[in-house]
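I opened the model to look up a few local features. My notes follow in the order I took them.

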Amino acid sequence: MGSEFQAFRGAIITPRPGSSLTIDLHEEALLVVHNGRIIAFYPTPASVPPSFSPPAPVHVLQPGEFLIPGFVDTHNHAPQWPMRGIGQGLHILDWLDQVTFPFEARFANADYAARSYADTVDDFLRQGITTASYYGSRHMPATKLLAETCLEKGQRALVGKCNMDRNAPDYIVEESAETSLEETKECIQHIRNLPGCADAATALVRPVVTPRFAICCTPELLTGLGDLVKQDDTLYMQTHFNEAQQEVDFTTHLFPQFNGSEADLYEHYNLLNSRSILAHCTVMADYEKKRIGELGCGVAHCPISNMTVGGGFMVAPVREYLDAGINVGLGTDSGGGWASQMLMVIRQAMIAANAQEVFSHGKNKALSIDEVFYLATMGGAKVVGLDKTVGSFEVGKEFDAVWVTTTPSLKTAMTPREDDDSLRRVFEKYVMTGDDRNMPWQPVAPPRRSSPAMYILPAMILSLLFFVIVSKPNLASDALKEIGLPLPFKQGLNITIYRNETFAPVPLPKSHAQTADIEQLIRQVESLSRTTRWTSIANISFEGETFEPEGLVRLGNDRFVVSAGEYIAPRQKDEHGNYTSVGAGFAHLMVFDGKGRRIADASISVPGSTEYHIGGIDYDGTYLWGTIGEYRPDSSSYVFRASPYVLEPEILVHHADHLGAIVHDTVANEVTCLTWGGRKALAFKVNEQTAGAKSKAAAHLVREKNNWSYFVDYQDCKWLGRPAGSDESVMLCSGVARLNDGYVLGGLALVDVETLEPIVEVPITLASSKDTRITMNPMEVALVDGKLRLYWLPDQHDSTLYVYEAA
C-alpha cells in the first residue's frame with residue numbers, strides 16, 4: 001500500500017460535521033488518508049472497530065501537537081501583499097488613489113509580478129492558509145502568473161483578474177469594457193487549461209469573476225461580467241460590497257436608479273447569487289442584509305482592514321448574518337489588512353464582535369473563540385463553495401491540514417505550554433498567542449504528482465515541522481473522443497456522507513479471483529441446476545432512496561457498494577419505438593454497511609451530460625469497475641474505475657455503443673463489457689503505461705464477440721478468475737429475459753469471458769416481496785463457510801438485499 005496511505009493518531013481539532021459554528025477537540029483520534037482523501041476518522045480509541053488494522057505506519061502526534069483544517073482566506077488582494085501596513089487611517093477612496101493603485105500598477109511588469117507572487121503565496125502558506133480567494137491586479141499576464149504560482153506551490157485558490165474600466169488613474173484603468181471582458185475570458189480559459197483545473201469540482205485553482213466594485217466598472221462592463229456568471233453555474237464572483245460610507249455614497253451617485261441599494265445594483269447585473277463572495281458588508285441596511293440572505297450570498301469578513309482603513313471603526317454585524325443563516329468566512333484583505341496571519345484575523349474578529357455587542361446594546365452577542373475558528377475554516381469553505389472538499393476532517397473530504405506544534409519554552413510568541421495544560425487550554429493559547437513558528441510549513445503533496453504522498457521526517461525533528469496536505473490536482477484531459485481518453489481523466493464528484501465511517505474496509509479485501517477458495521466456488525456454481533433449493537439467509541433493507549440499482553459489489557462482511565441510476569427526465573420514443581430524446585439523470589455509487597445503513601452516496605456522472613445510465617460493477621481487489629452511458633441502445637458509453645475508498649471515477653475509454661455489465665480480468669488486464677441486452681461482448685486492453693499521455697488512450701478495443709445465448713440478458717457480472725490449469729477466464733452473470741407472453745425469466749450463467757460461450761445456465765424463479773424477479777440487475781456471490789451464497793438487490797427506490805444459499 002505504501003505511500004498511498006497515511007495514518008495519524010493524536011489530538012485533532014475540527015468543525016463538527018453537520019453543525020453550525022461548533023468545533024470538536026478530540027484528544028486521541030485516529031485519521032486515515034488514501035490518495036489525499038480521508039477514508040476513516042475515529043474520534044476516540046473506543047470508536048475504532050476491533051478488526052481495524054491501519055494500512056500504513058501510524059504517525060503519532062506528540063504532546064502539544066495537534067492537527068487542524070487548513071485556514072480559508074475568503075478575501076485577499078495578492079498584488080497588495082507588498083504594501084501591507086501602508087496608508088492605515090486613510091479613507092477608502094483616498095487610500096486607493098494614494099497607495100493601492102500605484103502599487104498595483106507595478107504588476108504590469110511580469111518579472112516583478114512573478115517574484116512578488118512567489119513570495120506572497122509562500123507567506124500565506126506558512127501562515128496555514130491552504131485555500132485563498134485572490135484578487136489579481138487588472139493585468140492579464142500577471143493574473144495568469146498568480147494562478148500558475150498557486151498551482152505550482154500547491155495552494156488551493158480562486159483567482160480573478162480585477163475589472164476596472166473607469167474611476168482610476170490613467171496608468172492603471174482599463175481602456176474599455178470590451179477589453180476588460182476579453183481579457184477576463186482569456187484568464188478564465190487559461191486557468192481552466194492548467195493541469196488538473198478543467199473540472200471545477202476537482203480543480204486546485206479555479207477562476208473567479210472579479211469586478212473591483214461598481215465605482216470602477218461601467219454598466220457595460222458589469223453587464224458583460226454578469227452574463228459570464230449567468231452562463232456558467234460553476235463560476236464564482238467576488239467584489240467589495242458596502243465596505244465604507246464613502247464608497248456607498250459614491251456608488252449611489254453613480255447609480256442613482258438603485259436608491260442606494262448595492263444589493264439591487266449587483267442583482268440587476270446578474271452578479272448576486274449563491275456563488276457571490278461579498279467582502280466587508282459593514283454599512284448594511286436591513287434590506288441589504290435580507291436580500292443577500294435570500295440570494296444565498298457569502299460574506300467575507302475582514303475585521304483588520306475594516307478597523308484601520310476606510311474612514312472609521314467599521315464593525316460588520318457578523319452575529320446578525322450568522323443568525324440569519326448567511327455563510328460567513330474570514331479574510332485577511334491583504335493590503336488593507338496589515339497582517340497576512342489568519343491567527344491575527346481571528347483575534348481581530350473577536351475584538352470586532354465584542355465591539356458589535358456594545359454598539360448593538362447587547363443584541364448581537366460576541367463571538368466565541370470556537371465560533372471564530374469555525375469561520376476561519378469551515379465557514380470560509382462554505383463561502384467559496386468548497387465545504388464538501390475542505391474546511392473540516394470528514395470521511396470523503398480532501399485531507400487539507402495544518403500540523404500545529406507547541407512548546408513549553410519561549411521558542412515562539414505563543415504562551416508556553418505547561419505540563420498540566422488540557423487540549424482546550426493549548427488550543428486557546430495557540431489561537432490567541434501563536435504564530436507561524438508554531439506551524440513551520442513544508443508542502444508534502446507536490447501539485448503535479450500523479451498520487452500525493454506524505455513525507456515523514458525522523459521523530460526527533462517532528463516538532464519542528466508543519467504539514468499542509470493538499471489534494472493532487474487532476475491531470476488535464478482532452479475532450480472525449482470517439483475511442484479513448486487519457487488515463488486518468490477525472491470526473492466530478494458530488495458526495496454526501498451519512499456516517500463517519502470508511503467507505504471500504506482497511507485494508508481492502510481480496511477479489512473473487514484472489515481468494516484461495518475460488519475453484520471451489522466455481523465448482524459449486526457448475527453444480528447448480530433448475531432443481532437447486534435456495535435457502536433464505538437474510539433480507540437486509542437498504543436505508544434511503546436507492547433509485548434504480550444496477551450493480552452490486554460486496555467488500556468483506558460489512559460493506560456493499562451499489563451502482564444506481566437516478567432519472568429526472570424520461571426518455572421519449574416515436575411511434576416506431578425509436579428514441580427521440582435521451583432523458584436526463586445521474587449515475588450514483590452508494591455505500592451501505594452490513595446492516596443496510598447508508599454510509600455515502602456519490603453522484604459520479606457529469607451534470608447535464610446525456611451519459612448518465614450506469615451499468616453493473618465489478619471489483620478486482622484494488623478498483624471498482626463500471627460503465628456509464630446514454631440510456632438507450634446503439635449510443636455511447638465510457639468505462640471507468642474508482643477506488644472504493646473515495647469513489648472518484650477515472651475514465652479509461654469512451655466507446656460508440658451502450659455498455660452495461662463489466663468485468664476486469666486482472667491476468668490479461670482486459671475489461672470486458674456487455675452491450676445493451678448483453679448481445680455482444682467488447683474487450684478493451686488496459687495500458688497503464690499511457691497514464692498521463694494525451695496522445696494515447698488508456699484502453700483500446702481488442703475483441704468483439706456476439707452472444708448467441710438467449711437465455712437471459714446479462715445485467716451484472718463478476719469476474720471469478722482463471723481456474724488452475726486452465727486458460728479459461730470465467731465470469732458469473734445474473735439477469736432476466738422478458739418473454740413474448742410477458743413472463744420474466746430469471747437466471748444465472750457461468751460464462752467464458754473470451755468466447756462468451758455459456759458453461760452453465762441456471763434458471764432462477766425466486767422473486768422479491770414486490771414480485772420483482774430476484775435476478776433483476778444487481779448480483780454478488782461469495783463462498784461462506786464452504787457454501788455458495790448469492791446476493792440480489794432487485795427492487796427500485798426502496799431496496800432490500802436478498803441473501804440466499806444453495807442447498
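**Salt bridges**

I found aspartate 421 buried, at 14% relative accessibility; I take buried as under 20% relative accessible area, exposed as over 50% and partly exposed as in between, with a 1.4 Å probe and protein chains only. The model is predicted: local features need pLDDT of at least 70, side-chain atom pairs count only at pLDDT 80 or more, and totals for chains, interfaces and linings use all residues. Residues are numbered from 1 along each chain as its sequence is written, and side-chain values use heavy atoms, with hydrogens and water left out.

I noted that aspartate 421 forms a salt bridge with lysine 429, with 2.7 Å between the closest N and O atoms. A salt bridge here is a side-chain nitrogen of Lys or Arg within 4 Å of a carboxyl oxygen of Asp or Glu. Lysine 429 is buried too, at 13%.

I looked next at aspartate 435, which bridges to arginine 437 at 2.6 Å between the closest N and O atoms. Aspartate 435 is buried at 13%, whereas arginine 437 is partly exposed at 45%.

I then checked aspartate 122 and lysine 153, whose side chains meet in a salt bridge of 3.1 Å, N to O. This pair links distant parts of the chain, 31 residues apart: aspartate 122 lies in helix H2 (residues 110-126) and lysine 153 in helix H3 (residues 140-153). Helices (H or I, at least four residues) and strands (E, at least two) are DSSP runs, numbered from the N terminus. Aspartate 122 is partly exposed at 24%, and lysine 153 is partly exposed at 24%.

I also logged a network of salt bridges that links Glu267, Lys290, Arg291 and Glu294. The structure holds 39 salt bridges.

I traced an open sheet of four strands, ordered S36-S37-S38-S39 with antiparallel pairing; two strands pair if DSSP finds at least two bridges between them. Its edge strands, S36 (713-721) and S39 (758-764), each pair on one side only. S36 and S37 (residues 730-738) pair over seven bridges, and aspartate 713 stands opposite valine 736 in S37.

Where is valine 751 found? I placed valine 751 in strand S38 (residues 744-752). Valine 751 is buried, with a relative accessible area of 0%. Beyond its neighbours within four places in sequence, I listed its contacts (heavy atoms within 4.5 Å), among them Tyr714, Val730, Met731, Leu756 and Ile759.
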